Amino acid sequence: MPDGMNIDYDGLIPNNVGLAEDQRVRKALETWHPGYIDWWKDMGPEGFQESLVYLRTAIGVDPKGWAKFDYVKMPEYKWGILLAPAVEGRTIPFGKHKGELAWQEVPGEYRALLRRLIVVQGDTEPASVEQQRHLGATAPSLYDLRNLFQVNVEEGRHLWAMVYLLHKYFGTDGREEAEELLQRRSGHADTPRMLGAFNEATPDWLSFFMFTYFTDRDGKMQLEALAQSGFDPLSRTCRFMLTEEAHHMFVGDSGVQRVVERTVQAMRDAGINDPYDQAAERKLGVIDLPTIQKKMNLHFSLTLDLFGNEISTNAANAFNAGIKGRYREDKIEDDHDLIGATYPVLRCVDGEIVREEAPALSALNMRLRDDYVKDCESGVVRWNRVIEKAGFSFRLALPHVAFNRAIGEFATIKAGPDGVVMDAAAWAARAGDWLPDAADAAYIDSLMVPVREAGQYASWIAPPRVGIDNKGGDFEYVQIVQ
Ligand SMILES: [Fe+2]
Ligand SMILES: [Fe+2]
C-alpha cells in the first residue's frame, strides 16, 4: 500500500498513490491524459504555452518537497496525483458512523452521493482555468503573470486529483464522468460548467483578484468540509489540495491590497481628499475606491450562491452519512452528530429577512456560509487599514448576504448591500451604484495594458512587498516566447 510519502516522479503521471503497481488505474489515467493535454492547449492560458514560467511544482507532500521552483513550459508542468499522508487508524469524525474506521473503499450505499460531490468539486477546477484563459494578454507585470499561471496549473492538478478518485473508485461511470469534465466549458450555452459562478466571465485583473480572494475561498471551505470525509482517499486528496489553495487566496488578497495601495497613494500624491470623487481618481489612471467596492459586491454575492440553499436535505444526508463534514469539524467541540441541535438561519419570511432557529443538520450550508463570511472579513480589514493609514474616511465592506442573490432564501427578494429589502424597480434604479456597470467595465478595460519588462508594474497596481521564492524586484518571472 502506498503510505503517501513514496512519490513516483518519473512516469507519465507523477503520483504517490502507487500507480506503478495499479495497472488498471494507470491505464485508465494514461488514456485520459491526451484529452487533458488537448483541453489544456485549447482552454488553458492563451498565448503562453511556449513561455518559460517560474513555477512551483509539488514533487512530494512533505514540507521540503511540495514547493520546488523552476522555469517550466506549462504544457510540461508535472500534473500529478498527490494525497496527503494517511493518518494511521483514522476514524470517521462525525455523523452516524462516527468512530468507525474511515473507509478505504466507497461504501455502496453512499456511492451516488460521493460521486456527485467529487464531480461537482472537479468541475470547478477546469472551469476557473477557462474563465482566466485570456488574462495573460493584459497582465500588469511578469510577477502577476506568473501568479496567474501558478494558479492555473494547480487548478489543473486539482482536476487530476478528482479524476483519480473517479477512475480509481467509480468504475465505468467514474470514467464517463472524467470524460465529461473535459467536455463542459465555462459559460457555454449548451454545455456549461455545473455551478453559476463558474460560468461568469473574469474579464479583467481586478476580477481575477476578487475571484481568487472570494471564489477560491469557497473552494477552500468546500475542501475543508470534504477533508473531514469518512471516505479517506477523498479526505487525503482535499488535504493536499488545500496547501495549494492557500496560494490562490494569497494572490487575490495581496492583489486587491496592491490595487488599493496604488489608488490611495496616487490620490495622496495628487492631493485628492474626497474618496468618492471617481472622476478625479480615474484621471490618475488608478481604479477608484467606489469601483473596487462594486467589484467586491459582485464577486462576493456570486460566490455566496455556491453554498446552495440555506436549508438543505442533501447537506444533512451528506453529514449524517459521514461524507461531508463542517468547516474544520475536528476542531469543533460538540457531539458531531447534531441530532436535535439547532442553528440560527437567515430566512426570507413574507419578504422580510428574519433569523430563525433551524435543525442544525438541515442548516449545514448556512453554517459553512457563515464560516466563509467570517473568513472573508480578514482581508477586508487589511485593505481598510491601507485606506485608513493613507488618511481617507472610505471603508470597504462586504455586502449583506441577501444582496444580489440568485440561489437560496434571498433569490426571490431584492435587498441593497446594507440588507434593506426593496421592490425590484427601486433596486434596479440603484443597481449601477452597487454593481459594476458598462462604464466601469470600459474604464477598467482601458487600464488593462500588458506590462512585460521585469520589475515594472501597470499604473493601477503597486509592486508586491516580497517576490515569489524570495526573488528580487527585477526577477524575470516569465520568459515570454510567443
Ligand atoms: Fe482548486
Ligand atoms: Fe484555487
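Select helix 3 (residues 142-169) and helix 4 (residues 171-183). Their axes come within 7 Å and cross at roughly 155°. Helix 3 and helix 4 are therefore roughly antiparallel to each other. Angles over 145 degrees count as roughly antiparallel, under 35 as roughly parallel, 65 to 115 as roughly perpendicular and the rest as oblique. Axes here are lines fitted to C-alpha atoms, for helices over the stretch in contact, and angles run from 0 to 180 degrees between N-to-C directions. Helices are DSSP runs of H or I with at least four residues, strands are runs of E with at least two, and both are numbered from the N terminus.

This is a predicted model: local features need pLDDT of at least 70, side-chain atom pairs count only at pLDDT 80 or more, and totals for chains, interfaces and linings use all residues. Residues are numbered from 1 along each chain as its sequence is written, while chains are lettered from A and ligands numbered from 1 in the order in which they are written.

Now show the side chains at this contact. Helix 3 brings Leu159, Val163, Leu166, His167 and Tyr169, and helix 4 brings Gly174, Arg175, Glu177, Ala178 and Leu181. Residues are in contact if their C-beta atoms, placed from the backbone, lie within 7 Å. By class, 6 are nonpolar, 2 polar and 2 charged. Ala, Val, Leu, Ile, Met, Phe, Trp, Tyr, Cys and Pro count as nonpolar, Asp, Glu, Lys and Arg as charged, and the others, Gly among them, as polar.

Look for Arg115, Val119, Gly122, Asp123 and Pro126 on helix 2, facing Asp173, Gly174, Glu177 and Leu181 on helix 4. This contact has 3 nonpolar, 2 polar and 4 charged residues.

Next, select helix 5 (residues 205-227) and helix 6 (residues 232-270). Their axes come within 8 Å and cross at roughly 155°. Helix 5 and helix 6 are therefore roughly antiparallel. Their contact has 16 nonpolar, 6 polar and 7 charged residues.

Which residues touch the most other members of the largest nonpolar core? Select Val163 and Val259, out of 117 residues in that core. A nonpolar core is a set of buried Ala, Val, Leu, Ile, Met, Phe, Trp, Tyr and Cys residues joined through C-beta atoms within 7 Å. Helix 3 gives the most to this core, with 16 residues. Around Val259, find Leu206, Phe209, Ile287, Ile292, Trp460 and Ile461; residues up to four places away in sequence are not counted.

Leu101 sits between strand 2 (68-73) and helix 2. Is Leu101 buried or exposed? Leu101 counts as exposed, with 12 C-beta neighbours inside 10 Å. A residue is buried with 20 or more other C-beta atoms within 10 Å of its own, exposed with 12 or fewer, and partly exposed in between; C-beta atoms are placed from the backbone.

Arg328 lies between helix 9 (313-320) and strand 3 (342-349). Its phi is near 50°, a positive value in a residue other than glycine. Most residues other than glycine have a negative phi. Asn404, between helix 10 (364-389) and strand 5 (414-415), also has a positive phi, about 60°. Asn404 counts as buried, with 23 C-beta neighbours inside 10 Å.

Technical notes:
Contact = placed C-beta atoms within 7 Å.
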